Amino acid sequence: MRAHHYFILVQNWGPVALTLTGNLEPKKDFTRASVKEVYAAITADLEASLAVLPNTTTDYGRATKGACEHLLARVYLTKATSEAAASDDYAKAATYAQNVTKNYGYALLSDFANVYNQANQINSEVIFAVQYTNDALTDIGPSGTGATVNGNQTHLFFGNEYDVQAGMKRDLANGRPWKRYMPTSYLLNVVFNPADRTKDSRYKKTFKDTWYTNNPGTFTNVFDNSKSKVTLAQGDTAIYIPGVEWTTAQRAAKPYQVLVPSLYKPNLFPVLNKFLDPLRQDVTAEWGNRDWFVMRLAETYLILAEANLKLGKMQEAADAINMVRVRAAWPGQQEAMKVSASSLTMEFIMEERERELLGEMFRWYDLKRWGILVDRVKKYNTDAAAGIQAFHNLRPIPQTQIDRTTGGASAFPQNPGY
């Protein structure tokens, strides 16, 4: 766990305070260890843990050798592009990833949609997960105590404003929308190219595209400009997102509202459905009880593919990535989904990671380690393009950390640019 936490810290803040022994008294004299020193501590912790962890556990949620090797593979893949890089990083990443795929009995689920099936959270693809419940004693904090509301809150961030649209009101099934993360045009049209959706099931299974009426009536406040009003009965389709443009006539022929790409805006867009949580206690609840999958086997194969590509082992790279792609295929499209060794590129792997891992909190870290964070934001994120700068590859050190350190900024300096 210490290695996992330091891995997060070094990616976000670069040089950080490195504490490897317990403190029995308050301590204020910290300095920032180098990135190389932090990575040395991370890999030492993981390699020492690997020797003593069990292959399996009957106490679900505890770390195993498989989880440790997966994290080692992820660490070495990231370290390879850091200032702590060593010549054997990619080889180690590939070895550890290969071990995970071969030695522990993990298996990809046959249907991509089932990975995030809330009734099937403990499954053969999950290597390590953080567990949540909706039990107030373990997840929420007693009412009136001022305790922090915890739980898995990712369900909040990816929803659109369905709850004020014609025929709709907020309910548990569709979630409490905070409208924070709207997909970019690049994501919807390049990563999930419409031409590929007949063979790749992940667009359909990743995005929610239909809302059913739970607030029947006749409504004139419609966003679909092909019609002036809609009349909707309980259970009727209220909103449909086809994912491609429809003509005005095509939309007008439907008795419900059709949200096409030209009508997308910051409160109305395709919704990522991986984290919707209809088992929350009520429609206002921020705390969710889905488990958070820290590591799953599909990512292991993607790590293996990338490491082998960097090593020039193109067939091994293609074999690994095709494990993920074949699983994602619609029936009968498995061969069409395979990528050949001769056509596999780093750009393809970048896009494949996004197709498979969308929303799973990898993208910022990926773009940073690939050295393209600033470039991609400027190209594809119109909201952030004007403000992004090179120094944003690191986060700012909280001022309270600096102020509470003996010597202040001279002992614990702020990251450049802030």
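The model is predicted, and local features were taken at pLDDT of at least 70, side-chain atom pairs at pLDDT 80 or more, and totals for chains, interfaces and linings from all residues. Residues are numbered from 1 along each chain as its sequence is written, and side-chain values use heavy atoms, with hydrogens and water left out.

Among the elements, given as DSSP runs (helices, H or I, of at least four residues; strands, E, of at least two), α6 (185-191), β8 (271-272), α12 (346-357), α13 (363-369) and α14 (373-380) each supply at least two lining residues, and the largest share, six residues, comes from α6. By class, the lining has 30 nonpolar, eight polar and 10 charged residues, with Ala, Val, Leu, Ile, Met, Phe, Trp, Tyr, Cys and Pro counted as nonpolar, Asp, Glu, Lys and Arg as charged, and the others, Gly among them, as polar.

Two packed helices are described by the angle between their axes and the distance between the axes. The axes of α2 (residues 35-50) and α3 (residues 65-79) come within 9 Å and cross at roughly 155°, the axes being lines fitted to C-alpha atoms over the stretch in contact and the angles running from 0 to 180 degrees between N-to-C directions. The contact (heavy atoms within 4.5 Å) includes Y39, I42 and L46 of α2 and L71, L72 and V75 of α3, and its residues divide into nine nonpolar, three polar and four charged.

Helix α1 (residues 2-13) also packs with α3, at an angle of about 20° and with the axes 11 Å apart; α1 and α3 are therefore roughly parallel to each other. Here H4, F7 and Q11 of α1 meet L71, R74, V75 and T78 of α3, giving three nonpolar, three polar and one charged residues.

For α9 (residues 297-310) and α10 (residues 314-328), the axes come within 7 Å and cross at roughly 155°, and the two helices are therefore roughly antiparallel. Their contact, which includes A298, Y301 and L302 of α9 and A317, A320 and I321 of α10, divides into 12 nonpolar, one polar and two charged residues.

Methods:
Parallel < 35°, antiparallel > 145°, perpendicular 65-115°, else oblique.
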